[in-house]
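Hi everyone, thanks for making time. Let me put the model up, and then we'll talk about confidence and about some aromatic rings.

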Amino acid sequence: MFATFQSAGTSLDSQDCSKIIKTGIETKEDGVECLWVRIKWKANKADILLGVCYRPPNQEEEVDNLFYKQLGNVSRSSALVLVGDFNLPDICWELNTAEKRQSRKFLERMEDNFLSELVGEPTRGGTMLDLLFVNRDGLVGDVVVGGRLGQSDYEIIEFSIFGEVRRSTSKTLALDFQRADFGLFRRLIQNIPWEAALKNKSSGKLGMPQNRDLEGTGTDCPCVPKGRVRPTLLDKGGNLISADEEKAEVLNDYFASVFSEEMTCLQDNCPPGLVDCVREQNGPLIFQEEAVRELLKCLDIHKSMGPDGIHPRVMRELADELAKPLSIIHHQSWLTGEVPDDWKLANVTPIHKKGAKEDPGNYRPVSLTSVPGKIMEQFILSAITQNLQDGQGIRPSQHGFRRGRSCLTNLITFYDQVTCLVDAGKAVDVVYLDFSKAFDTVSHSILLNKLAAHGLDRSSLCWVRNWLDGRAQRVVVNGAASS
């Protein structure tokens, strides 16, 4: 037996329907192209709510809100499956981030309804437009992307819905912020005398309370499972491995292998005298509470947290309360040159770039570091940038990593120069260079010497040196971490 459900530009074909009974569900939201079907198993199994949705590329935000309202009404189902063409190509599902505001809101609503996305490959060209969501692990499996129907340029998504939820092996968890008591958070933090609490403490041991430090206070956020299984990988011996722990070790070994010995800032290569001989040219950095507060309020709540377990959403919610202690920690760290140990750790997420997914060399490492540490890095970056601009250490031709400049401004300048030469009747030869592992192989000692030569102040230079020294990373795959 074979059945088809359709919603505008999306269709869902169902096989082996003899074991189930389907009933439609009425929805009153006009403009929302979504069809909901309740699958009632004849056996003693829980009902499954199945939704098929089509979202036009330029759908108005008002219609999106109607869909979110509809989703909120049906998400109370214990077993929910949602599939469709949502036309949100700017979402990066690996990092759970998006460029556009509507896409970020879509991500937030999916998280609020505890929906996990299961499609991991492009469904049209190089973009992932068709998505598959479930609210329970093990409800859907055997997800395959491939093949086309007729003249369509979309790939077909095949998957199996299980009558009984299978036990998931994913160890990755996501925090349930809907159940967090931020009011209690605020009251607890406001009652702490931060000047006395942080006085005479070593900067290397300074840090904010972590999630585990708040257990039992009623402020800890419950966790819900979340994650995606990656494909098998080839180890050094050419053997295929599938265990998450083994894959994490293989990827970590590969990422570490690209670093050269010249990178590390050893005492012999980068003596403390380098810092001592630097003369003070600029005034001290000022870590004002207001500046820290503004940076906290601009945090992207969809970003992942670092190894310290401090989530950016928590820090953004408590921006007013955390601005003072963070400004004290940042100022003391800069004065002493000591960097908290938590700021030197990184969880590395492997992101597939191109080519065979079995080859560890085809993955790009994305480091997830401490959010409070990133706030401090913004102040140091501003100091370095201002110093280089004042000393004319940055050429006008530099477009990368500069505020107000981008690939677009670089291309416009290049195009203008080329057209001027062509108009003058001159030949133009262009040579393109791409440095392999450029950022991964930068020598720390050479970098520090260049910063000192450009007149960076002693305290900032000392802080950068200690920030580079003694860093550690681990690769995390589906919740399993390398050594």
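The protein chain has a mean pLDDT of 79, and 78% of its residues reach 70 or more; pLDDT is the predictor's confidence in each residue, from 0 to 100. Over residues 211-220 the pLDDT is below 50. Where pLDDT is low, the predicted coordinates should not be read in detail.

Some bookkeeping: this is a predicted model, so local features need pLDDT of at least 70 and side-chain atom pairs count only at pLDDT 80 or more, while totals for chains, interfaces and linings use all residues. Residues are numbered from 1 along each chain as its sequence is written, and side-chain values use heavy atoms, leaving out hydrogens and water.

Now the rings. A search of the whole structure gives 13 aromatic pairs, meaning Phe, Tyr or Trp rings (six-membered ring for Trp) with centres within 6.5 Å; planes under 30 degrees apart are stacked, over 60 edge-to-face, and the rest tilted. Tyr68 and Phe106 make a tilted pair, at 6.5 Å centre to centre and 50° between the planes. Tyr68 is in helix 1 and Phe106 in helix 2, so this pair ties together parts 38 residues apart in sequence; helices here are DSSP runs of H or I, at least four residues, and strands are E runs of at least two, numbered from the N terminus.

Phe106 also pairs edge-to-face with Trp93, at 6.4 Å and 80°. Is Phe106 buried or exposed? Phe106 is buried, with a relative accessible area of 2%; buried means under 20%, exposed over 50%, partly exposed in between, with a 1.4 Å probe and protein chains only.

Definitions and conventions
Contact means heavy atoms within 4.5 Å.
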